[in-house]
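Hi,

Here's the structure I promised to pass on. Have a look at it first, then read my notes below.

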Amino acid sequence: MDIGYITDRGNVRKDNQDRYLVMEEQTGKGDILLCVVADGMGGTGDGSMASAFVVKRMQQWWESELPKLLSKEPVYVHLSRSLDQCILACNREIFRQARQCHISTGTTCSVLMAVRKQVLIKHLGDSRIYLGRYGEWTQLTQDHTWEQQEKAAGRNPLEDSGYKQKKGALVNALGTLEICRIDTQMLQMAERDCFLLCSDGFYRYMTDLEAGKDSLGRVTLWGMPVGICPAQRILNQEADRIKKTRADDNFTAVLAVNGGKKGMGRYG
């Protein structure tokens, strides 16, 4: 796959609490890809501790657990269960460490895994995963924020007197509560599918005009056809554009295009 990735502290924050992981491998089960974006909660004691811990554990899971799981059938059932166990273990450990150190910390966690042209998604928080297919972009994940929770319950969040303070508050993330909820999806991957994983510091700069399709019906990001322009070039250009704004938050993104070149493991 053609994969690009960026992470930056932005122009205001003193440190970067975002983390990402990209792992690729060719196996007897076909090409395997794992992408993770974790956005440490900047308003807490140490968001970078939580996001870095998740990425480290995911890399360890890839190296120690994945080889054993690939020999089991149905492989996706075993992968999904094992990823859940890994994520829940991360939640318990982050929560335990936070209580032990008397700090409040947490992180989002958006995971995409592709095996045998099947895609498995795990998600907590308000980072996002988008799918670009046949000239259209679709947000696959739901934001686990107070505002979205209110809408899902059939209530109008704008009628709440504390709307401005509450709207972006996370109601589900890793490490903030002893129990968390993992959203899971599975889908079939098509040729030239594009997957974009990103933190909120990145997607807040996206508009309908910037993610769309060109006159030939090709998926585009910021006017550049994905799959034609290298993924890294597309993200580098967007990073430069974001840095020219106030960029008051960390931003991270991973762009993976099916059918591109193979790579090695990357993390940051």
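**What I found**

The chain folds into seven helices and 14 strands (DSSP runs numbered from the N terminus, with at least four residues of H or I for a helix and at least two of E for a strand). Keep in mind that this is a predicted model, where local features need pLDDT of at least 70, side-chain atom pairs need 80 or more, and totals for chains, interfaces and linings use all residues. Residues are numbered from 1 along each chain as its sequence is written, and side-chain values use heavy atoms, leaving out hydrogens and water.

Of the 268 residues, 53% are buried (under 20% relative accessible area; over 50% is exposed and in between is partly exposed, using a 1.4 Å probe and protein chains only).

Now for the rings. There are three aromatic pairs (Phe, Tyr or Trp rings, the six-membered one for Trp, with centres within 6.5 Å; planes under 30 degrees apart are stacked, over 60 edge-to-face, the rest tilted). One of them is Tyr5 with Tyr20, a tilted pair at 5.4 Å centre to centre and 35° between the planes. Tyr5 sits in strand S1 and Tyr20 in strand S2, so the pair ties together parts 15 residues apart in sequence. Tyr5 is partly exposed at 23%, whereas Tyr20 is buried at 7%.

Phe202 and Trp222 make an edge-to-face pair, 5.7 Å between centres and 85° between planes. Phe202 belongs to helix H6, while Trp222 is in the loop between strands S11 and S12. Phe202 is buried at 0%, and Trp222 is buried at 13%.

Cheers
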